[in-house]
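The report below goes through selected local features of one model, taking each in turn with the elements that hold it.

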Amino acid sequence: MTRDTLATAPSAESQPTRLFIHMAMQFLLAVRHRKHVIIATLGLAGLGGAAYYITAPRYYRATAGMLMIQTGIDNLEMSMTGPAADQRSLMKTFENVAQSPRVVEGALKKLRPEDRVDVQGISPKGWAGTLKRNLSANSIPSTNILEISYLSKDPEVAVNVVNAVIDSYLEFLDDTHKGTTSEVRDLFTHQLAEVGQELNQKEQELIRARIRCGLLRSGDGNEFLDPVTKRAIFFTDELSSVQRRRIELQATLATVQIAVRNKQDLRQHVITVADAVGKEIMLRSFGLSGRDGQNQTALEEQLLADRAELKAMQTFVGPAHPLMIDKQEKIRLAEEYLDQYAQRSAEKMAHLQDTQLGPLLVQMLQQKLHETFQQETSLRGQSEIAQAQATGRVGDLARLEVLERHAKRLHDLSDVLINKIASVEMKEDGQEVRASVTAPPMPNGRPVSPRLSVVVLISLFLGLGSGFAIVYVLDVLDDRFRNIEDMQQQLGVPVLSLIRRLVTPQTTGLEALQLHVAPRSTESEAFRTLRTALALADKDLHRIVVTSAEPGDGKTTVLSNLGVCYAQSNKRTLVIDADLRRPGLTDLMQMRRAEGLSTLLRSDEKVVDQCLGLIRPSGIEKLDVLPSGPRPTNPAELLAGPRFTELIDWATTVYDQILIDTPPTLATSDSAVVGRLADGTILVVQPQKNRRRAVIRAVEGMLALKIPLLGLVVNRVEPDERSGYYGYGYGYGYEAGYGNDEEPGESDAESSSAPNWEELSNLPTSDSNRVPEGIVPRRAA
């Protein structure tokens, strides 16, 4: 896209949402434009739906509800609800069983001949398949309800078939349950008999073994004891206990002896020795008594009680009260006694520490250790005798233990088999899966197929879907621009103006110029919009080329009216017909046989001298015309020559605005040659005529040759509804009479002319340029 465009073209929508909305609106416009296609497809779909609804056979549905309950394996509690996954799996199983071949074939056997209307004309081998296709079983979510439905051509037959299926289903459950429980019960009974016989043999062997071993029954009667073994175990345990005490005494004795030799404080060993030899014995050895400690403890408890009582009495009696005095004296005496007792004990311990404590502790530990050695020797002898006696009984006891374990295993197995047989017998009376009918089937006179609402919805869906698809295909195949946004997005250049189809009194001459004939009309306003857009460009546009993609797009009409618009704005304007092959501007201005541009380009005279004789007034003030002249044989070479460049340079010094009419870009290369000499090029397109590919090719060719493309002028826009689909509707909003309420006496010329865009410079005339009378240079050459 060239930087010389008048406005920045709208960039493509980057946001997916906005792009989607844009495409949706375009598609809706296409649907509106081709609504006859939608109407036709809806009509065809409606006719097809009506034909189907009238001719299709009627089917009636009958539905029954069944409550499915599964009892527990080890109890008879019914499970109405359970884990969601287990319940769904179980209900799915019930659905499959209800439609299984066995249930369907059982239902067929229960049907009467008059209930087989749905299988008429079908071989008996295909009856089950037909019945299964019309049968459905579905569970209601989060419940134990199973719904069984059947479609039939007769409502009564549908009810009878559902009842037959339910009966067949219940028979299947009953047969399956009873057959299974009977086989399981026989199997368990046979196993129980074998286990009972083997258990009887083992119990007899166990009794004989116990008699041989001489076992005695324990006090509770639940265990048989071996006296020899028990005695050996007792002596072994006692011997271990005595050995542990002996080791502890040896360690304590060694510790005390080391402390005595090192003259350490022995009071820390007193507690250890007391635990080893006994607390009472130790106190007596120290000259103390256990009663002294008990008395001291009792006296301390009494002292605490007296203190609490004294504190309570202080709230009721005074300090001089006899009771208060007695209680205080009692507390004082108790405290003195306790202090003296603690002092006496400390003195005794200090005396013993200095003289007798070490030898006394060693003596007591040695005496206790000697007693423990004697006890250990006695127990060791008795333990050895008991163990020797028990060793001869090991083999008999091991065999007895094996027999007891075997008998216990057989007892447990017998109990399990008895429980299983009882459970099976109880389940034989009550089924593991129970089914009961909660909603019996009822005849329904309203057919479920075909349903009018469903047929209407399907017809609408098919009609709209096929209509939309056809519209989309036609819209894709249509090689025209849909709207202004589509054109700007694909071409990358702005649209400068929209021009309606012009209707003028004449096809040639000044009467064929819309701005001259009806300057106040809505159509004329489009050219003023174009002039304004060009005036707002970021650079001066004195030389403008007007071309089109294909012949017949109206470029000459646009150029001539734009020239009139510039002239009405008080700008000296020159229009040049550079279309030397088909000079439309020359014909429009009725200058067909006059000499013109081709004459100038083939002449050897000075360009300035030639221009004075070839440029002709148009009949409109400030608008001059340079016709094409006789048709040459080499128009491209003439336009590419230096004389045409010299012509443009001279005209730039004389006129405020130069407009050049060139051939279509796709037909010749003339517009490219001329376009490189101009300040910008306007491309005229006709959306109802031009194809998208042609316009894109024309724009790409101009941009590739670096021709400054200013923008597009959309010509011959139809204001009717059909053109509105393509988005080229005239959007100015001007109506007849808008802004035309001029004051009486105001001339048409004054009201039709726009403000002066640029004041002309009255430069002196140069002799060398030889400017003819009536032509004043715009600026110095």
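## Helix 7

In this predicted model, helix 7 covers residues 227-261, and at 1.5 Å a residue its 35 residues should span 51 Å, which agrees with the 51 Å that separates its end C-alpha atoms.

The structure holds 1 aromatic pair, formed by phenylalanine 27 and phenylalanine 468, whose ring centres are 5.8 Å apart and whose planes make an angle of 70°. Because planes over 60 degrees apart count as edge-to-face, the pair is assigned to that class. Phenylalanine 27 belongs to helix 1 (residues 16-33) and phenylalanine 468 to helix 14 (residues 452-477), so the pair ties together parts that lie 441 residues apart in sequence.

Isoleucine 39 is placed in helix 2 (residues 35-55), and its relative accessible area of 58% makes isoleucine 39 exposed. The C-alpha atom of isoleucine 39 is separated by 8.4 Å from that of glycine 463, although the two residues are 424 apart along the chain.

A contact of another kind involves tyrosine 53, over the face of which arginine 58 lies, at 4.7 Å from the ring centre.

## Backbone features in loops

The peptide bond that leads from serine 449 to proline 450 is cis, with omega near -5°. Proline 450 is located in the loop between strand 7 (433-439) and helix 14, the helix that also contains phenylalanine 468.

Two residues other than glycine have a positive phi, namely asparagine 570, where the angle is near 70°, and lysine 706, where it is about 60°. Asparagine 570 sits in the loop between helix 18 (555-568) and strand 10 (573-577) and is partly exposed, with a relative accessible area of 30%. Lysine 706, for its part, is found in the loop between helix 25 (692-704) and strand 15 (709-717), and at 70% relative accessibility lysine 706 counts as exposed.

Key. Residues are numbered from 1 along each chain as its sequence is written. This is a predicted model: local features need pLDDT of at least 70, side-chain atom pairs count only at pLDDT 80 or more; totals for chains, interfaces and linings use all residues. Side-chain values use heavy atoms; hydrogens and water are left out. Rings of Phe, Tyr and Trp (its six-membered ring) pair if their centres lie within 6.5 Å; planes under 30 degrees apart count as stacked, over 60 as edge-to-face and the rest as tilted. Helices (H or I, at least four residues) and strands (E, at least two) are DSSP runs, numbered from the N terminus. A charge sits over a ring if NZ of Lys or CZ of Arg is within 6 Å of the ring centre and within 35 degrees of the ring normal. The expected span of a helix is 1.5 Å times one less than its number of residues. Buried means under 20% relative accessible area, exposed over 50%, partly exposed in between (1.4 Å probe, protein chains only).
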